[in-house]
Number of protein chains: 2
Amino acid sequence: MKSARKYSRKREAILKTLRSTKSHPSAEWIYAKLKPLFPDLSLGTVYRNLSLFRNEGLVTSVATVKGQERFDAQVHPHPHFICDLCGKVMDIDALPDSIPALGVDDFAGGDVEYCEILFHGKCKDCKQ
Amino acid sequence: MKSARKYSRKREAILKTLRSTKSHPSAEWIYAKLKPLFPDLSLGTVYRNLSLFRNEGLVTSVATVKGQERFDAQVHPHPHFICDLCGKVMDIDALPDSIPALGVDDFAGGDVEYCEILFHGKCKDCKQ
DNA sequence: TTCGTTGCAAACATTTTGCAGTTTC
DNA sequence: GAAACTGCAAAATGTTTGCAACGAA
């Protein structure tokens, strides 16, 4: 019994916004970005659609930074750098993504589905 | 102006509890574990002390799983396995921890302080 | 006696949800 | 017209904080 998906202008805009940024934004950020274009947009709709995208695999959650979940439309696993001071999240492309396959595809009898690699530190700006 | 630390039986118990488990517990879990021993323990105290330990480097946060922060008294960075179904967090000891040093010690002009490696999947029990 | 620590409850912040009205098909 | 989608506000959840009482030095 899957429910039929219907088109929605706002849903499309939410996905498009997420796809057009490299900032790995929070729901709030997407909301703020779209609010001027859709004055009647509500934060609940952003959450609802993000969670919908996640279930469909269109979006992943990179990490929870300072209490906020951060999303990425780039679902192919790849490492990130997180600045623990300002909360910035950046892609690291340089690293071979063979690391996830690093010999671990099952662990203690469980299945490994993907591997998250998060480098933590201070970004350039926060170093002063 | 650092404040003089005073001994506290509850604080000691919180750290001891965290050190004596491999479950990478949440604040709530520690609270539940200690409540029978300290009937007047309050959840706020657990949070206050955990945050204190974190600032002192006695404790790290492994990840946020299902909205709850998960702590570890083993502060030496090491990879973890997270079951996305039941939320179990397990140590992976088998992996060489030279991986964190994997050529990334600065990134885009920022300093990398440590690297978090999280394998996600379904644990043995959740596979059915 | 001083000042760090705690319980308690209120405050907070983020995310989820129920419902009535709206939009898509 | 039926069913999905949304705004709104309330609720739920996890965490933090203010304050008066308590406990360690």
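Visitor: Which residue in β6(B) is the bridge partner of Cys115(A)?

Guide: The partner of Cys115(A) in β6(B) is Phe119(B). This is a predicted model, in which local features need pLDDT of at least 70, side-chain atom pairs count only at pLDDT 80 or more, and totals for chains, interfaces and linings use all residues. Residues are numbered from 1 along each chain as its sequence is written, chains are lettered from A and ligands numbered from 1 in the order in which they are written, and side-chain values use heavy atoms, with hydrogens and water left out.

Visitor: In what sense do β6(A) and β6 of chain B pair, and over how many bridges?

Guide: They pair in the antiparallel sense over eleven bridges; strands pair if DSSP finds at least two bridges between them. Strands are DSSP runs of E with at least two residues, helices are runs of H or I with at least four, and both are numbered from the N terminus.

Visitor: How many residues of each chain are in contact?

Guide: 30 residues of chain A are in contact with 30 residues of chain B, contact meaning heavy atoms within 4.5 Å.

Visitor: And what area do chain A and chain B bury between them?

Guide: About 2,700 Å², 63% of it on carbon and sulfur atoms. Buried area is the accessible area (1.4 Å probe) that two parts lose on being put together, summed over both. In chain A, Phe107(A), Phe119(A) and His120(A) lose the most area to chain B, together 21% of what that side buries.

Visitor: How many salt bridges are there between the chains?

Guide: There are four between chain A and chain B, each a side-chain nitrogen of Lys or Arg within 4 Å of a carboxyl oxygen of Asp or Glu. Lys122(A) forms a salt bridge with Glu113(B), with the closest N and O atoms 3.2 Å apart.
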